[in-house]
Amino acid sequence: MKNKYKDLPRWIVFAIAAFVMNFPVISTLSTALKTNAEISRDPGLWVHAPTLNNFAVVLQVTERLNIFSYLHNSLVASLIGSILPILVCFPMAYAVARRGYGTDVIFPTVVNLRAMPLIIFAIPLYMMYQTVGLLDTRLGLGLILAVVNLPLALLLLINAINDVPYELDEAARMDGARIFTILVKVVFPICLPTLATVFIFSFITAWNEFLFGLMLTTSEAVPMTVGASFFFSSGGGGGQWGVAAAVIIVASLPPVVLGVLMYKHISRSMTAGAVKG
Amino acid sequence: MGTIELKNVTKSFGPVAVIKGVSLTAEEGEFVVFVGPSGCGKSTLLRLIAGLEETSGGSIHIDGKDVTELDPNHRGLSMVFQSYALYPHMTVYGNIAFALKTAGVAKLEIDRKVRAAAETLKLTPYLDRKPKDLSGGQRQRVAIGRAIVRQPKGFLFDEPLSNLDAALRTQTRIEIANLHKELGATMVYVTHDQIEAMTLADKIVVLNDGEVMQIGSPKELYYAPKNTFVAQFIGSPKMNLLPRASYGGGAMHYQDGVKIDIGHMDGTPSIVGVRPEDISLCPLGEAELSASVTHNEFHGADNNVFVSVPGIGSLNVRANGKLDLQNGQPVGLVLDKSQLHYFDENGVRT
């Protein structure tokens with residue numbers, strides 16, 4: 001019995017912290033479940049008469065608003081924006097980590113991209129996209145999201161490959177493996193936890209990106225973030241807070257589900273048992 | 001199949017010469033051990049043979065064919081790494097099968113060979129386990145399994161036992177010796193442990209500072225070391241080297257009028273070497289040298305006794321473990337004259 005209550009203060013602190021940190025989410029969820037009348041009458045967290053009406057409005061496809069199209073656009077662009085950096089950065093990270101290529105110029109330059117305000121890309125990119133016909137396409141949006149995610153992916157993957165004992169590469173070379181086999185069969189599987197981390201972070205960043213979505217798309221490739229803003233005043237007149245909250249909830253679900261599904265892969269170490277520690 | 005020959009091989013990292021012109025031959029089926037202190041270049045030499053490092057000069061031949069410029073996988077050698085270097089994401093089966101899969105061997109053939117190797121190394125019950133679920137000794141055996149499954153021309157071992165505890169090391173040493181007998185393959189083995197070298201080797205190569213000090217059988221190295229470095233490196237406890245002295249009248253003359261009769265010599269020895277077991281303790285009346293005990297280590301069967309000899313200095317004596325010796329106790333010493341080693345002033349055997 002003693003043990004049962006020993007952890008109680010700890011759990012109380014956890015609960016308070018979780019509540020405070022998730023307050024915006026809880027508040028949005030509560031708003032999404034209220035009627036417009038209740039929202040204006042009682043802005044508190046408690047929902048007196050829960051309703052799914054706001055969700056019904058959001059999921060309704062109209063001429064002007066199509067949430068499924070926005071979700072589809074976001075999904076495709078985010079997958080391009082999260083998988084492409086991995087495909088590009090993994091071999092590059094290997095070259096940087098193992099051979100020391102590009103450590104003087106390329107690596108710092110790429111990582112510094114992260115420090116730049118993204119708006120700096122806006123004007124040249126718009127003009128370039130116009131020329132090559134990438135404006136308002138999922139591929140175009142995905143490509144720039146990949147650039148946004150590149151620095152972090154490279155940084156994390158270089159560290160991951162540095163953690164793979166070099167003797168494994170040498171053992172594979174003795175076993176007759178060429179560089180491609182070493183990369184695919186030995187280094188890649190060992191780096192899976194980091195690759196999962198890179199994928200999740202990149203996907204979430206890409207999914208939540210607003211600036212390029214707003215700038216580079218107009219109708220065909222509008223992503224969820226931009227599409228959500230269309231709902232805010234969808235009814236005409238004042239803000240439709242219930243609908244806005246519902247659309248935010250729907251928009252947040254995919255990255256949250258992805259995060260939950262892949263969470264266990266993030267922090268797992270793969271190198272246990274490879275070499276004597 | 002399996003002759004490995006090095007001809008004047010050199011290796012430099014930048015301006016630092018690590019291997020300074022090494023020539024040696026590992027005959028077919030021979031167990032050759034590279035031994036030397038840390039940093040002597042023995043692991044680098046092994047990596048040069050493996051092809052994991054490029055030579056700066058000289059050439060390496062396997063079965064008469066020049067392989068100096070060949071990739072590691074084209075040399076037909078297998079290597080067991082000090083840290084095992086097992087693929088952590090593969091099972092024991094996957095680890096052993098990897099080289100065969102890479103070589104495009106048929107599945108059934110791979111299965112047969114992997115199971116045969118596992119049987120030899122008593123790994124059959126562990127084939128489905130990952131390396132992290134194995135003990136140190138089992139991981140070591142997987143590393144060996146990975147090496148033998150390819151049926152290479154020769155095996156390279158880079159300090160394979162250094163991560164094992166003392167008991168397991170002795171056991172694995174015996175297993176490696178048995179494996180060598182069973183396979184009859186050429187093996188090149190790097191260690192800093194001279195007991196491993198003595199027990200396993202057909203031929204020992206003693207290295208120091210990137211140069212070969214001596215190549216020979218364990219007995220040759222023990223009984224006829226070519227120089228003072230080999231004399232002191234091989235044997236435990238190490239050989240006593242008496243201080244430099246002048247030779248004349250059939251005797252070595254030390255300070256304070258102390259002399260040791262050694263009879264007529266052709267050369268002019270400057271340094272006398274004597275192994276601890278070739279010095280006996282005796283009553284002072286019968287002694288050739290008188291000494292006093294400064295420190296005694298009880299090893300069970302033996303006492304490892306340190307004595308101080310006036311005019312000569314400290315000597316190490318292996319005495320019967322049953323003797324009860326006290327610090328400061330005066331003792332007499334007799335040297336076995338037939339077992340003395342003589343070196344000139346440059347430390348080279350005369």
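**Figure 1. The three-stranded open sheet of chain B in a predicted model.** In this predicted model, strands of chain B form an open sheet of three strands in the order S12-S13-S14, with antiparallel pairing; strands (E, at least two residues) and helices (H or I, at least four residues) are DSSP runs numbered from the N terminus, and two strands pair if DSSP finds at least two bridges between them. The edge strands, each of which pairs on one side only, are strand S12 (246-248) and strand S14 (259-261) of chain B. Neighbouring strands of this sheet are turned against each other by 25° on average, with direction ignored; axes are lines fitted to C-alpha atoms, for helices over the stretch in contact, and angles run from 0 to 180 degrees between N-to-C directions. Three bridges hold the antiparallel pair of S12(B) and strand S13 (residues 251-253) of chain B, and B:Tyr247 stands opposite B:Met252 in S13(B).

Residues are numbered from 1 along each chain as its sequence is written, while chains are lettered from A and ligands numbered from 1 in the order in which they are written. Local features need pLDDT of at least 70, side-chain atom pairs count only at pLDDT 80 or more, and totals for chains, interfaces and linings use all residues, with side-chain values using heavy atoms and leaving out hydrogens and water.

Figure 2. Strand S9 (residues 203-208) of chain B runs antiparallel to S10(B) and is joined to S10(B) by five bridges, with B:Asn208 standing opposite B:Glu211 in S10(B).

**Figure 3. Strand S4 of chain B and its pairing partners.** Five of the six residues of strand S4 (residues 57-62) of chain B are buried, so S4 is largely enclosed by the rest of the structure; buried means under 20% relative accessible area, exposed over 50% and partly exposed in between, with a 1.4 Å probe and protein chains only. Strand S1 (residues 4-13) of chain B runs antiparallel to S4(B) and is joined to S4(B) by five bridges, and B:Leu6 stands opposite B:Ile60 in S4(B). S4(B) also pairs in the antiparallel sense with strand S5 (residues 65-66) of chain B, over two bridges, and B:Asp66 in S5(B) is the bridge partner of B:His61. The hairpin of S4(B) and S5(B) has two residues between the strands, and B:Asp63 takes a positive phi near 50° there.

**Figure 4. Strand S20 of chain B and two antiparallel partners.** Strand S16 (residues 279-282) of chain B pairs with strand S20 (residues 330-335) of chain B in the antiparallel sense over four bridges, and B:Cys282 stands opposite B:Gly332 in S20(B). Strand S17 (residues 289-298) of chain B likewise pairs with S20(B) in the antiparallel sense over four bridges, with B:Ser290 standing opposite B:Gly332.

**Figure 5. The contact of helices H9 and H12 in chain A.** The axes of helix H9 (residues 138-163) and helix H12 (residues 192-208) of chain A come within 10 Å and cross at roughly 160°. That angle makes H9(A) roughly antiparallel to H12(A), given that angles under 35 degrees count as roughly parallel, over 145 as roughly antiparallel, 65 to 115 as roughly perpendicular and the rest as oblique. Residues of the contact include A:Leu145, A:Val148 and A:Leu152 of H9(A) and A:Leu195, A:Val198 and A:Phe201 of H12(A). The residues of this contact divide into eleven nonpolar, four polar and no charged, where Ala, Val, Leu, Ile, Met, Phe, Trp, Tyr, Cys and Pro count as nonpolar, Asp, Glu, Lys and Arg as charged, and the others, Gly among them, as polar.

**Figure 6. Helix H14 within chain A.** Chain A holds 15 helices and zero strands, and buried residues make up 40% of its 277 residues. In helix H14 (residues 224-231) of chain A, six of the eight residues are buried, so H14 is largely enclosed by the rest of the structure. The buried residues of H14(A) are A:Met224, A:Thr225, A:Val226, A:Gly227, A:Ala228 and A:Phe231.

Key. Contact = heavy atoms within 4.5 Å.
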